[in-house]
Amino acid sequence: MATKLAYKEVPNISFELIDLLGEVGIFTVEDLQAVGGKEAFLKIRHKIKERPFHTLCSLVATCRWQYKNELDQKTRQELRFFFEELEAKDKAEQAANAENA
């Protein structure tokens, strides 16, 4: 049986994040774990570009049933690199769009 994402039962998940996950078709913990934290973040970011780094950490940590402050340094560094690459791509895309306008 699928476990509903619930604020009090799942680490790192706020009511806002539950709503955002639902908007991208992720309704259960199993859905989130199947998709993975990074991919869930990308799905949310596709709808709302301005999502902070801690949202990415929260999603990845939740897939592991950890609190985000329990993520090891190596994982945090990998996530930071992933996040900064996304930010750089967004800036490059914005610059290209500005040139074409």
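Author: Happy to; the questions below go through the ring pairs and the charges over rings in this predicted model.

Reader: How many aromatic pairs does the structure hold?

Author: Rings count as a pair if their centres lie within 6.5 Å. By that rule, the number of aromatic pairs in the structure is two.

Reader: Is the pair of Phe41 and Phe83 stacked, tilted or edge-to-face?

Author: The ring centres of Phe41 and Phe83 are 6.1 Å apart, with 50° between the planes. Phe41 belongs to helix 3 and Phe83 to helix 5, 42 residues apart. Stacked needs under 30 degrees and edge-to-face over 60, so the rest are tilted. The pair of Phe41 and Phe83 is therefore tilted.

Reader: And what kind of pair do Phe53 and Phe83 form?

Author: Here the distance is 5.6 Å centre to centre, and the planes of Phe53 and Phe83 make an angle of 70°. This pair also links distant parts of the chain, with Phe53 in helix 4 and Phe83 in helix 5. Planes over 60 degrees apart set the class, so Phe53 and Phe83 are edge-to-face.

Reader: Is Phe53 buried or exposed?

Author: Phe53 has a relative accessible area of 12%. The cut-off for buried is under 20%, so Phe53 counts as buried.

Reader: Which residue has its charged end over the ring of Phe53?

Author: A charge over a ring must be within 6 Å of the ring centre. The charged end in question is 3.7 Å from the centre of the Phe53 ring, and it belongs to Arg80.

Key
Residues numbered from 1 in each chain as written. Predicted model: local features only at pLDDT ≥ 70, side-chain atom pairs only at ≥ 80, totals over all residues. Heavy atoms only, no water. Phe/Tyr/Trp six-rings, centres within 6.5 Å; stacked < 30°, edge-to-face > 60°. Helix = DSSP H or I, 4+ residues; strand = E, 2+ residues; numbered from the N terminus. Buried < 20%, exposed > 50% of the residue type's maximum accessible area, 1.4 Å probe, protein only. Lys NZ or Arg CZ within 6 Å of the ring centre and 35° of its normal.
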